[in-house]
Amino acid sequence: MLGRMMDYPLTLRHILERSNRLFPRKEVVSRVGDGEAPMRATYGEIYPRVHRLAGALRALGVAPGDRVASLAWNHQRHLELYLAVPCMGAVLHTVNFRLFPDQIVYIVNHAEDKVLFVDPSVLPVLEPVADRLTTVEHIVIMGERPSGADRLFGWPTHEYEELLAAAPTEYPFPNLAEDTAAAVCYTSGTTGNPKGVLYSHRALTLHSLVEAMSDVLALSERDVVMPVVPMFHANSWGLPYTSTMVGATQVLPGPAPTPEALVRLIESERVTLAAGVPTVWIGILAVLQEGGGDISSLTRIMCGGSAAPRSLIETYERQFGVPIWHAWGMTEMSPLGTVAHLKSQLQDLPEEERFRYRATQGLPSALVDIKAIDDQGDDVPWDGQTLGELVVRGPWVTAGYYQEPATSECFTPDGWFRTGDVVTIDPEGYLQLADRTKDLVKSGGEWISSVDLENALMAHPKVAEAAVIAVSHPKWDERPLACVVRRREAGDVSKDELIEFLTPNFARWALPDDVVFLEEIPKTSVGKFDKKILRDRFRDYVSPAG
Ligand code: ADP
């Protein structure tokens, strides 16, 4: 028997309409640059602009299903693209413009992007690759055209505001089926070419609903949300859609924000929730500890994308009274998977234990199924001890990359997505990530978690950042090498001091053989430690332990 409910498609159009109808006076604030007043617009002002943008795209020849690319920072115009492109039935491709030039060429050609929206500050990235982009027909500058040129790199070139001004105020948005493609993001492709993840309206709508839940990000109309995570990476963790859906104020940090600029924005806009990778929060911590800034408006911080060190969680809580909510996800999951909240039965545990739970990757959100499997594909027990590869399924998990076969490397025979993350799951359901498969250190038949060592090192008061990589070893195959950045103001620290600091908590064979001190840990395009670069740098490294 079928239920008797309306067939109401889950589309982003609902989010757009709702923001205008219910929250027309709530603001979207965009940082333009240092020393300049931010740009402000209400949802009520954005709504007709979204209509105009869709009309302008139509006039440029964009039809349903066509891909429209953005090469842009976090700002209001980018949000307008997030809304207009999917609602007209086209697909927004948010290009990570910090990828290598060859990768940018690959993904724009692979997605067959027809129109490129580019921030003026990103034009220098486009210039050297433009002649290799084979499908682009128009380029739209999200600011002023350089020297008024009406053609750039051979393409007809438009200014965003001119296009909008010339377009009608109303666009006849179509009634879309909920499985219509809305957006595409490419993974950064640490091995091989980047792969496209094609999100549907249904996936992004359900993702927004669940993201707003109190046991996920507890997002409401009363929040002031600042996504530091770029809008060109993993849908900015879904925050543009979720914030628009609930009518929260959005604070978009604009081009290349420094930690100082982020602190100023938190202060001046009274941000309540800010979201970013751990290196963002490490950078902001340094600013705060050097005496600058008031972050007391924050009621929580969302931190994920790579493991948030427990010491970071403790420091923010103890020094600033702000809880860090540790989340795990991936581009293939729209991106949200898990968040570390303490269950009520665990609230009475000793503080030490509570922080331990909060530093895990947490519990799966509603509608996300998780399990861990061994090499044979069998489930491993939820005992908090047994390592296995994390596999997931749910309505916002990819069912296969864009125009790629769904291989056994990516999916189990019964259709779960293989994350490539090695984890334990405890009896309560808390996920703990030991490593990415490719980052584990395989030493003499044992696995050493680089994440555990990094977390422990970053708990040392004189360490700012630490990344642990595998270096090859004639006897043990691989051994861990710790790359450490000292805390600027804290003074010197030696290798022996650090090894001694680790010793109580690690088996002898799991300790790094050596510690090298660096000025900086190289970062990926989205601010994670770039272990690929470190591995290349230390390829011929010979361990002093022999
Ligand atoms: P990229 O490959 O560019 O890092 P993603 O953002 O999709 O792209 O990366 C997802 C991966 O990031 C996960 O598979 C996991 O390895 C890592 N990750 C995400 N969140 C966390 C977290 N909270 N702790 C540890 N690792 C994380």
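Is Asn74 buried or exposed?

Mentor: Please bear in mind that the model is a predicted one. Asn74 is buried, because its relative accessible area is 3% and the cut-off for a buried residue is under 20%. As for its place in the chain, Asn74 belongs to the loop between β3 (67-71) and α3. Its side chain makes two contacts that deserve attention. One goes to the backbone nitrogen of Met231, which the side chain of Asn74 reaches at 2.6 Å. The other goes to the backbone oxygen of Pro227, which the side chain of Asn74 reaches at 3.0 Å.

From this loop we may turn to the aromatic rings. Ring pairs join Trp73, Phe97 and Phe232 into a cluster. In total, the structure holds 13 aromatic pairs. One of them is the tilted pair of Tyr82 and Tyr241, with 5.3 Å from centre to centre and 45° between the planes. This pair connects distant parts of the chain, 159 residues apart: Tyr82 is in helix α3 (residues 76-87), whereas Tyr241 is in helix α8 (residues 239-246). Tyr82 counts as buried because its relative accessibility is 1%. Tyr241 also counts as buried, because its relative accessibility is 2%.

A further pair consists of Trp281 and Tyr316, and it is edge-to-face, with 6.0 Å from centre to centre and 90° between the planes. Trp281 lies in helix α10 (residues 278-289) and Tyr316 in helix α11 (residues 310-320), so the pair ties together parts that are 35 residues apart in sequence. Both Trp281 and Tyr316 are buried.

Aromatic rings also meet charged groups here. The charged end of Arg486 sits over the ring of Phe517, at 3.8 Å from the centre of that ring. Likewise, the charged end of Lys195 sits over the ring of Tyr401, at 5.0 Å from the ring centre.

Let us now consider the ligand. It is surrounded by 17 residues, and the closest are Ser188, Ala327, Asp421, Arg436 and Lys528. The largest share, four residues, comes from β15.

Individual polar atoms can be followed as well. A polar side-chain atom of Lys528 lies 2.6 Å from an oxygen atom of the ligand. In the side chain of Asp421, an N or O atom is 2.7 Å from an oxygen atom of the ligand. The side chain of Gln361 has an N or O atom at 2.9 Å from a nitrogen atom of the ligand. Taken on its own, the ligand has 570 Å² of accessible area, of which the protein covers 92%.

Gln432 has its place in strand β21. Gln432 counts as partly exposed because its relative accessibility is 29%, whereas Asn74 is buried. Gln432 and Leu363 are 69 residues apart along the chain, and 9.5 Å separates their C-alpha atoms.

Terms used. Residues numbered from 1 in each chain as written. Predicted model: local features only at pLDDT ≥ 70, side-chain atom pairs only at ≥ 80, totals over all residues. Heavy atoms only, no water. Near = heavy atom within 4 Å. Polar contact = N/O pair within 3.5 Å; in protein donor to acceptor, adjacent residues only side chain to side chain. Areas by Shrake-Rupley, 256 points an atom, 1.4 Å probe, with all protein chains shown as cover. Helix = DSSP H or I, 4+ residues; strand = E, 2+ residues; numbered from the N terminus. Phe/Tyr/Trp six-rings, centres within 6.5 Å; stacked < 30°, edge-to-face > 60°. Buried < 20%, exposed > 50% of the residue type's maximum accessible area, 1.4 Å probe, protein only. Lys NZ or Arg CZ within 6 Å of the ring centre and 35° of its normal.
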